[in-house]
Amino acid sequence: MADSDDQLPEANENNNSDEGTISSFSLPDLIVYTVTSDPQYPAAGDSVTWTVTVKNSGSGSSGPFNVAFDDDDQPSLLPTETESVTSLAAGSTKELTFTHTAVAGDQYWFLVDSDEEVSETNENNNSHAVELSPADLEITGVSYSPESPSVGDDVTWTVIVKNNGPGNATAFNVAFDDDDRPDLLPIDTKPVSSLSAGSTVHLTFVRTATQEESYWFLADSDDQLPEANENNNSDEGTISSFSLPDLVVYTVTSDPQYPAAGDSVTWTVTVKNSGSGSSGPST
Ligand SMILES: [Ca+2]
Ligand SMILES: [Ca+2]
Ligand SMILES: [Ca+2]
Ligand SMILES: [Ca+2]
């Protein structure tokens, strides 16, 4: 106001004041800039540290706000965890971390300004969702021992299961069966408590050898793990060569050694298996 102390007599005393209003403020625009995780491919069962970089991509600075982490798509309501930021200048970034043990089937959401404390040029770019990384189990080998069993021998089957990743695997079962549906009533199953990405596990099953039988192996036979590829979990094994017996009459002896007519004679017959396989019952 001019002449606010009214020291000057003026021709018009009614045009000395005006009002000022800032016509446009510079507003911030908070965004989730990046989300990274440790481990890089987080999977169910892992303790995962999420690092969220929040950026103010607007032209005005921001006052205090919260960043929410949640396991559902409403992170403004009862989030799993929140972190506070006191201010963020235009163009600046701020890193926040959330540590949480991942649960199978989970997805996670991050939301900037979850309590809507900051007016922004864009309120619709504040959230970001991430998924867990699946495992991929694959049967990479089936073998048996001994190499040429006889019918009736105990044969040990060894199956190699690999987790191709990228995520670690939590508990699953491996089934062994004599038909092509090892998911249904298998002969035997073996549990695996966990298998990290890139690792393999050997499992053994013992079965009495029977000619003309094939065996099937299935990883994650109870479908406990969601996987990147569900179509590489089974394999088949068949014994390719059996050892056969070769029975021969080896010796015949008598008691008495030189029997005569009328003697009561005990004949002892020794039968030998000169083959490489063992024999079943014979008469
Ligand atoms: Ca925004
Ligand atoms: Ca806002
Ligand atoms: Ca698989
Ligand atoms: Ca599976």
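In the predicted model, Thr156 is classed as partly exposed because 14 C-beta neighbours lie inside 10 Å, a count between the limits of 12 or fewer for exposed and 20 or more for buried residues. Thr156 belongs to strand β9, which comprises residues 154–163. Once neighbours within four places in sequence are set aside, the contacts of Thr156 are with Tyr144, Ser145, Thr204 and Val206.

Across the protein chain, among contacts between residues at least 6 apart in sequence, 69% join residues at least 24 apart. Buried residues account for 27% of the 283 residues of the protein chain.

The secondary structure of the protein chain consists of 16 strands and 0 helices. The radius of gyration of the protein chain is 40 Å, well over the 19 Å given by the globule rule for 283 residues, so the chain is more spread out than a compact globule. Along the principal axes, the C-alpha atoms occupy a box of roughly 170 × 25 × 25 Å.

The domain assignment divides the protein chain into domain 1 (30–131), domain 2 (137–237) and domain 3 (244–278). Between the centres of domain 2 and domain 3, taken over C-alpha atoms, the separation is 47 Å.

Notes
Residues are numbered from 1 along each chain as its sequence is written. Chains are lettered from A and ligands numbered from 1 in the order in which they are written. This is a predicted model: local features need pLDDT of at least 70, side-chain atom pairs count only at pLDDT 80 or more; totals for chains, interfaces and linings use all residues. Helices (H or I, at least four residues) and strands (E, at least two) are DSSP runs, numbered from the N terminus. Two residues are in contact if their C-beta atoms, placed from the backbone, lie within 7 Å. Domain bounds come from an automatic or database domain assignment. The radius of gyration is taken over C-alpha atoms; the globule rule is 2.2 Å times the number of residues to the power 0.38.
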